[in-house]
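Hi,

Here is the structure I said I'd pass on. Have a look at it first, then read my notes below.

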Amino acid sequence: MKTLLNSTSELHPLTATTSLHVEIDRCKLIPFSCSSLRASPCRSLPSKPLILSRATSNFGQMGLFLDGSKAKGTFWFRRKGVVSPHQRFIIAVAQAQPDRLDDDNAEQEVDKGQTTSMSMDTASESQQKSSQLEKRIVFGLGIGLSVGAVVLAGGWLFTVAFAAAIFVGSREYFELVRSRGMTSGMTPPPRYVSRTCSVICALMPILTLYFGHIDVSVTLAAFVVAMALLLQRGNPRFSQLSSTMFGLFYCGYLPCFWVKLRCGLAAPALNTTIGASWPILLGGPTHWTIGLVATLISISSIIAADTYAFVGGKAFGRTPLISVSPKKTWEGTIAGLGGCIATSVVLSKILCWPKSMLSAIAFGFLNFIGSVFGDLTESMIKRDAGVKDSGSLIPGHGGILDRVDSYLFTGALAYSFVKIFLPLYGV
């Protein structure tokens with residue numbers, strides 16, 4: 001072996017850590033140390049594999065396979081007329097290109113990997129959006145049918161279902177108040193006060209239906225909550241009082257106007273053509289009151305406003321409306337206003353209420369103003385809280401507040417329009 005190494009002019013020095021293997025024909029590889037086989041210094045090992053071979057007179061051919069890129073070597077021996085599979089493998093490796101990519105190939109592979117990763121991310125994102133849209137449609141239809149049935153039923157069923165939604169919405173509101181974004185600039189109310197306020201807000205619609213008004217109940221609730229905050233341990237803060245009082249107003253007092261609108265205005269809508277043919281088992285013509293008709297028109301107008309605003313904003317939206325809600329645009333707002341008024345006018349013709357076109361337009365305009373203001377108010381709360389949705393109760397829609405924010409102020413405006421504006425002007 002030493003003679004073979006020293007007689008080869010192309011031999012390069014091997015480091016002391018290089019591992020070599022000896023193969024005799026098809027016998028297994030035998031490792032041994034070659035620290036003693038160090039030749040005189042020469043040029044550095046080549047990066048490509050190298051085969052050194054020498055024919056012997058009696059046995060056949062012996063050789064050395066050097067892989068400079070991996071600092072490894074292997075002895076091989078072939079008898080005359082016999083080519084071992086391992087030698088074929090060594091020769092093939094020696095003739096092949098080195099297993100390292102050059103810089104251009106590496107850059108191409110990196111670019112290819114990045115392009116593939118981006119395409120996979122885009123496909124995954126589009127798939128998630130499609131799944132999210134399907135959830136929104138399915139749960140939106142389910143909520144719409146459920147709300148429609150509850151509104152038609154009216155009475156205690158409507159009030160109790162409304163109270164349950166108010167309880168969940170008030171819990172979401174007080175969780176937003178306690179979020180990290182809010183607490184960085186204010187002191188939130190204690191948890192026992194928040195839970196008590198949620199129960200009070202849920203009781204307000206029931207008290208409204210029972211007593212016919214809500215003024216005394218709201219005043220009493222505000223007094224009890226204020227005393228609880230002032231008498232708490234530690235240092236009471238004004239931020240606790242203001243956030244709690246706004247919660248009573250926002251989640252409790254405002255929704256009660258829907259109960260007053262649906263259940264309080266019990267005068268029959270005699271001119272309603274649908275009510276004239278309504279089955280006796282479902283209440284008959286007297287079931288179709290002014291409160292029911294006004295509630296249906298108001299809810300339908302708000303749904304139309306949200307739908308037209310979304311579609312118009314996606315198609316033509318260019319000018320931002322307000323910084324509180326960056327996705328809203330003036331183009332979408334105008335489209336929503338047109339859809340809201342158009343829906344109000346069409347339903348007024350079908351349900352024969354209100355009688356005049358001007359009243360129907362004014363009713364649609366008030367519904368739109370209330371829906372936009374309620375939506376922006378909740379967007380401001382979520383922006384300060386640093387969250388996207390108020391909750392995760394409804395898949396694809398977020399929380400209860402995310403779905404009812406457009407209705408909170410609208411109920412008070414619709415009730416005021418029917419109770420005060422129409423009798424005042426006789427339309």
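Predicted model: local features only at pLDDT ≥ 70, side-chain atom pairs only at ≥ 80, totals over all residues.

Residues are numbered from 1 along each chain as its sequence is written, and side-chain values use heavy atoms, with hydrogens and water left out.

Now to helix 7. Its 16 residues (215-230) reach 23 Å from the first C-alpha to the last, close to the 22 Å expected. Ser217, Ala221, Val225, Ala226 and Leu229 are buried there (under 20% relative accessible area; exposed is over 50%, partly exposed in between, with a 1.4 Å probe and protein chains only). They sit on the same side of helix 7 because they cover an arc of only 155 degrees around the axis (taken from the directions from the helix axis to the C-beta atoms). The face turned away from that buried side carries exposed Val216, Thr219, Leu220, Phe223 and Leu230. Helix 6 (191-211) and helix 8 (238-253) are among what covers the buried residues of helix 7.

What about disulfides (pairs of cysteine sulfur atoms within 2.5 Å)? The whole structure has zero. Cys197's sulfur is 6.3 Å from the closest cysteine sulfur, in Cys201, so that is too far for a bond. For Cys201, the closest is in Cys251 at 5.6 Å, also too far for a bond. Cys197 is buried at 0% relative accessible area, and Cys201 counts as buried at 0% too.

Cheers

Key. Helix = DSSP H or I, 4+ residues; strand = E, 2+ residues; numbered from the N terminus. Expected span 1.5 Å × (residues − 1). Contact = heavy atoms within 4.5 Å. Disulfide = S-S within 2.5 Å.
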